[in-house]
Amino acid sequence: VKISGDALTPNQRLNWLSMRTQTPLVDIEALKAMLSPSESSSPYYYLDFEHINPVIPLFEGKKPFETVITQFSVHKSTVHPYHHERECDVNINKTDNINYIENATAAGTLVRYEYLCDGTSASLEELAVQLLEALGDTGTIYVYSSNEVTQFRRLASQYPHLAQKFENLEARLFDLERLIRRSIIHPHFFGRTSLKIVLPAMVPAYDGAYANLGVSDGASAIVAYERMLEPGTSNAERESITADLLEYCALDTLSLVELHRGLHKTIQEVEMGEGPFRVAEFQNFKKLKEEEWRVLEASISPAA
């Protein structure tokens with residue numbers, strides 16, 4: 001199918017141009033403004049949830065299709081990613097990625113917190129309590145998507161005695177996906193911004209990082225969790241599933257750490273005239289006339 005750039009919206013046209021030329025684009029001023037140290041505060045947290053919404057409730061008192069948070073992972077760093085190199089890495093030939101997370105010994109300490117509900121109603125409230133303890137009272141909380149806001153509000157409504165604490169967390173959230181949407185266009189995104197698409201494009205060392213995990217995506221995490229709670233599941237299988245779920249969720253938050261660092265690395269490379277990114281001010285493209293688009297497109301040579 002032959003696509004003409006002038007038939008697209010400005011945003012579509014930027015994605016088309018990036019893919020046609022295999023050239024990643026960055027609105028460097030927007031990226032720098034959103035990642036400015038003044039926009040965050042120490043310590044730095046990276047948060048991810050897993051949840052289920054089964055037609056037949058697995059927890060007492062829940063309704064069909066009601067969303068229930070079953071798990072969280074939090075990474076906490078006392079050092080801003082701008083100031084040090086990567087503390088951890090992923091060996092994609094093994095499934096023991098958690099070994100790369102604990103007791104990081106580089107410039108800053110990276111600590112992981114986690115909780116997985118055991119199927120009892122009491123464990124749901126314990127998750128809420130443990131989450132509040134893990135996230136503390138100060139510091140920026142990095143997430144990917146607006147889902148965490150929704151889940152904070154859900155927990156606040158379920159546990160009124162904790163509601164104010166969850167409301168306070170909202171002001172500390174920083175959505176990295178929103179930043180990506182506003183400042184990065186990459187041919188390997190294919191017009192999408194899901195974490196598992198964005199991560200290997202921005203941090204190539206993580207390409208294939210999920211491939212060898214026992215649980216490798218959100219859908220398989222739901223299936224695994226429900227299997228873990230089935231009465232016929234053996235203790236050995238339950239322990240194996242538990243380890244898989246914890247490893248998967250931990251890799252999600254470690255991915256946020258590395259993506260955050262990768263974004264700062266992009267700024268450094270652009271300022272030094274290095275790296276693959278071409279600078280573009282995305283908002284200005286909405287004002288371009290057709291002849292100006294032609295000049296821009298001609299200035300970026302198609303990939304060989």
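Arg 227, Glu 230 and Glu 237 are linked in a network of salt bridges, a salt bridge being a side-chain nitrogen of Lys or Arg within 4 Å of a carboxyl oxygen of Asp or Glu. Before we go further: this is a predicted model, where local features need pLDDT of at least 70 and side-chain atom pairs count only at pLDDT 80 or more, while totals for chains, interfaces and linings use all residues. Residues are numbered from 1 along each chain as its sequence is written, and side-chain values use heavy atoms, with hydrogens and water left out.

Helices here are DSSP runs (H or I) of at least four residues and strands (E) are runs of at least two, numbered from the N terminus.

How covered are these side chains? Arg 227 counts as partly exposed at 31% relative accessibility, Glu 230 as partly exposed at 35%, and Glu 237 as partly exposed at 30%. On this scale, buried means under 20% relative accessible area, exposed means over 50%, and partly exposed is in between (1.4 Å probe, protein chains only).

Zooming out, a search of the whole structure turns up 9 salt bridges. One of them joins Lys 32 to Glu 271, with the closest N and O atoms 3.1 Å apart. Lys 32 belongs to helix H2 (residues 28-34) and Glu 271 to helix H9 (residues 235-271), so this contact ties together parts that are 239 residues apart in sequence. Lys 32 is partly exposed at 30% relative accessibility, whereas Glu 271 reaches 51% and counts as exposed.

Val 55, Ile 56 and Phe 65 make a nonpolar surface patch of about 340 Å². Such a patch takes residues with over 30% relative accessible area and no salt bridge, joining nonpolar side chains (Val, Leu, Ile, Met, Phe, Trp, Tyr) within 5 Å, or like charges within 9 Å. Areas come from the Shrake-Rupley method with a 1.4 Å probe. Ile 56 lies in the loop between strand E2 (44-52) and strand E3 (68-77), and Ile 56 is exposed, with a relative accessible area of 63%.
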